[in-house]
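Welcome, and thanks for opening the viewer. Keep the selection tool at hand, and we will walk through the model one stop at a time.

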Amino acid sequence: MKNEASGSGSRGSRAPKSSTTRRNRVLGTFGVLGLAVGVFSGLLVSGVLPSGLFDPATAPGAHPGDSSRSRADPATAIGVDDLPAFYGNGYFAAGISRRANPITLIPDRPRQEIVRYAVQRGDTLFGIAERFGLQPETLLWGNYDTLKDDPHSLRPGQELNILPVDGTYYHWNSGDTLGAVAGFLGVSVEDILDWPGNDLAHNVDPSDPPLEPGAELVIPGGRREFVTWRAPRITRANPAVARLAGPGACGSIYDGPIGEGYFIWPTTGRSLSGYDYTDFHPGIDIEGGEGNPIFASASGVIVYSGWSDYGYGLMVVVDHGDGWQTLYAHMSQVNVVCGQAAFQGNVIGLVGSTGNSTGPHLHFEVESDLYGKVNPWDYVSP
Ligand SMILES: [Zn+2]
């Protein structure tokens, strides 16, 4: 468990106390008051104190506002049998906020605070998410500053925010309104107010809530679009857009082979070694050793060849001329140049671990003019 760094991180003093701390405080108060009651009881019985002087409402640790107790007959109010009733009236929890009372004694109550987790060697986004009972999207949404929405950027030693529930994380900016933030993240204002960890009263003015710029809100159920970290679509008709992707961009492209209408498996490795196809990972990570061959999945023209600024490392894009493109990333070596014809099965490069990658594998994407990025498993099998 030592790798699960706990604590509230940057939430600082606004973070709720841990349940253990709270329990200890309750037990401590209980003990002190019990002792005090015992002493008073003894004094009363021995006749040292006049009974009229004992008022539970002014006893040590008592809640000054609890008038029902102060009206009670002292002789019965201090009986040991009454102690649970004291507690049930909130007597012993006087210093604890009202909202926390009902759940103080439940040890496995839902976590409200954000904890920090130090990424270990061998961790994946899915593994960490599963460990904390969260969706992997929640990890990306909670850690944009660290991961930039790119699951490949996960590295040992990074510190991640682990949200207490699935959803998003929002840094409050001056001028924000709760309505606008809720709308942007696809939730209602009540969803934000209802989350206890946000410490917001239900009657706040949604257009001017008491939040300082930089305050961090947990938005249960919140969703947002992933910031595009992927390479733009590159075809032989518009190779210039590849300039956005990095130095591997090609200039004008001449005609070349057309795809066969089907794809072959692009390398010798047959299984996944990393991310499968998801909303935030638009391809599949195929296992492979450094230097394994990468094959053109269908015939076409090389429309990108070289370094990518999007974390793909050395990358090749083949345009198949029939509305389809395939993309091969993290290569150790590129064997083709811009505009070159590639026929299905030709070796276009070698498996590597360049760019945002933690070990040799082939990141493979299939894209259509019509459908955008598609799940490669629907079009090619090992
Ligand atoms: Zn990948």
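Which residue in β12 does Val-334 stand opposite? Select Val-334 and look across to β12: the residue facing Val-334 there is Gly-349. Bear in mind as you look that this is a predicted model.

Now widen the selection to the strands around that pair. β10 and β12, the latter covering residues 347–350, run antiparallel to each other and are joined over two bridges. As background, strands of a sheet pair through backbone hydrogen bonds.

Next, select Val-316. Beyond its neighbours within four places in sequence, Val-316 is in contact with residues including Ile-302, Tyr-304, Tyr-328 and Met-331. Val-334 and Gly-349, the pair from our opening stop, are also among the contacts of Val-316.

Val-316 leads us to the largest nonpolar core, which has 38 residues. Val-303, Tyr-304, Met-315, Val-316, Tyr-328 and Met-331 have the most contacts inside this core. Strands that each supply at least two of its residues include β7 (300–308), β8 (313–319) and β9 (324–331). Apart from this core lies another, of 24 residues; to find it, select Tyr-117, Leu-163, Val-187 and Leu-200, which are among its members.

Finally, zoom out to the protein chain. It holds nine helices and 14 strands, and 34% of its 382 residues count as buried.

How values were computed:
Residues numbered from 1 in each chain as written. Predicted model: local features only at pLDDT ≥ 70, side-chain atom pairs only at ≥ 80, totals over all residues. Pairing = 2+ DSSP bridges. Helix = DSSP H or I, 4+ residues; strand = E, 2+ residues; numbered from the N terminus. Buried ≥ 20, exposed ≤ 12 C-beta atoms within 10 Å, placed from the backbone. Core = buried A, V, L, I, M, F, W, Y, C linked by C-beta atoms within 7 Å. Contact = placed C-beta atoms within 7 Å.
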